[in-house]
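Biologist: Please pick one part of this model and take me through it slowly. Then show me how that part ties in with what surrounds it.

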Amino acid sequence: MALPPRLEKELEELRREHVLDIGEDADFVTVIFKNFPLGNGFDMSHSDILLRVPKSYPDAGPDMFWTDPNLHLAGGQIPQSAEAIENHLNKPWRRFSWHRQAWNPSVDNMHGHMEFIRKRLREKK
């Protein structure tokens, strides 16, 4: 599997702190952050996080993220904009339909996208 060069470099950097599984389909590189810490406010302390990164990366960036389908807020509610369950890699995932305002390939990268996800998870709504 030949990853876009910049994506490959950034994933290598992210592997210093995370266990990653990487796969691909026709249009996307699928990156799973294994056992990602969610912080307080959820009914689980960790979940795998799935990202679908366009093969045209960095010209196009990742959008949304997916978690364990059983993830809920601590009170049992479904997180805002996370109602959909989708299948990727032959298993169900809870889609967090949260989108960045814009993707600028000259400054945005996978590290920033992971910070966007961490921020979203801290909001707990």
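Modeller: Let's start at Asn-35, which is found in strand β2. Strands here are DSSP runs of E at least two residues long, helices are runs of H or I at least four long, and both are numbered from the N terminus. Before going on, keep in mind that this is a predicted model, where local features need pLDDT of at least 70, side-chain atom pairs count only at pLDDT 80 or more, and totals for chains, interfaces and linings use all residues. Residues are numbered from 1 along each chain as its sequence is written, and side-chain values use heavy atoms, with hydrogens and water left out.

Asn-35 has a phi near 55°, a positive value in a residue other than glycine. Asn-35 is exposed, at 52% relative accessible area; exposed means over 50%, buried under 20% and partly exposed in between, with a 1.4 Å probe and protein chains only. Pro-37 is also placed in β2, and its relative accessible area of 46% makes it partly exposed. Setting aside residues up to four places away in sequence, Pro-37 touches Ser-45 and His-46, where touching means heavy atoms within 4.5 Å.

Leu-121 counts as buried, because its relative accessibility is 3%. Its contacts, not counting residues up to four places away in sequence, are Phe-36, Leu-38, Phe-42, Ile-49 and Phe-65. On the other hand, the C-alpha atoms of Leu-121 and Arg-15 are separated by 20 Å, and these two are 106 residues apart along the chain.

So what do these pieces build? The largest nonpolar core has 27 residues; such a core is a set of buried Ala, Val, Leu, Ile, Met, Phe, Trp, Tyr and Cys residues joined through side-chain atoms within 4.5 Å. Val-31, Phe-33, Ile-49, Leu-51, Val-53, Ile-117 and Leu-121 have the most contacts inside this core. Two or more residues come from each of α1, β2 (28-37), β3 (46-54) and α2. Helix α2 gives the most, with 5 residues. Apart from this core lies another one of 5 residues, including Ile-32, Leu-50, Met-64 and Trp-66. As for Ile-117, it is in contact with Ile-49, Leu-51 and Phe-65 once its neighbours within four places in sequence are left aside.

The buried residues of α1 are Leu-7, Glu-10, Leu-11 and Leu-14. They cover an arc of only 100° around the axis, so they lie on the same side of α1; the arc is that of the directions from the helix axis to the C-beta atoms. On the face of α1 turned away from its buried side you'll find the exposed residues Pro-5 and Lys-9. What covers the buried residues of α1 includes β1 (20-24), β2, β3 and α2, and that brings our strand back into the picture.

The two helices also meet each other. Helix α1 (residues 5-14) packs with helix α2 (residues 110-123) at an angle of about 55°, and their axes are 9 Å apart. The axes are lines fitted to C-alpha atoms, for helices over the stretch in contact, and the angles run from 0 to 180 degrees between N-to-C directions. The pair is therefore oblique, since under 35 degrees counts as roughly parallel, over 145 as roughly antiparallel, 65 to 115 as roughly perpendicular and the rest as oblique. Leu-7, Glu-10, Glu-13 and Leu-14 are the α1 side of this contact, and Met-110, His-111 and Met-114 are the α2 side. By class, that gives 4 nonpolar, 1 polar and 2 charged residues; Ala, Val, Leu, Ile, Met, Phe, Trp, Tyr, Cys and Pro count as nonpolar, Asp, Glu, Lys and Arg as charged, and the others, Gly among them, as polar.
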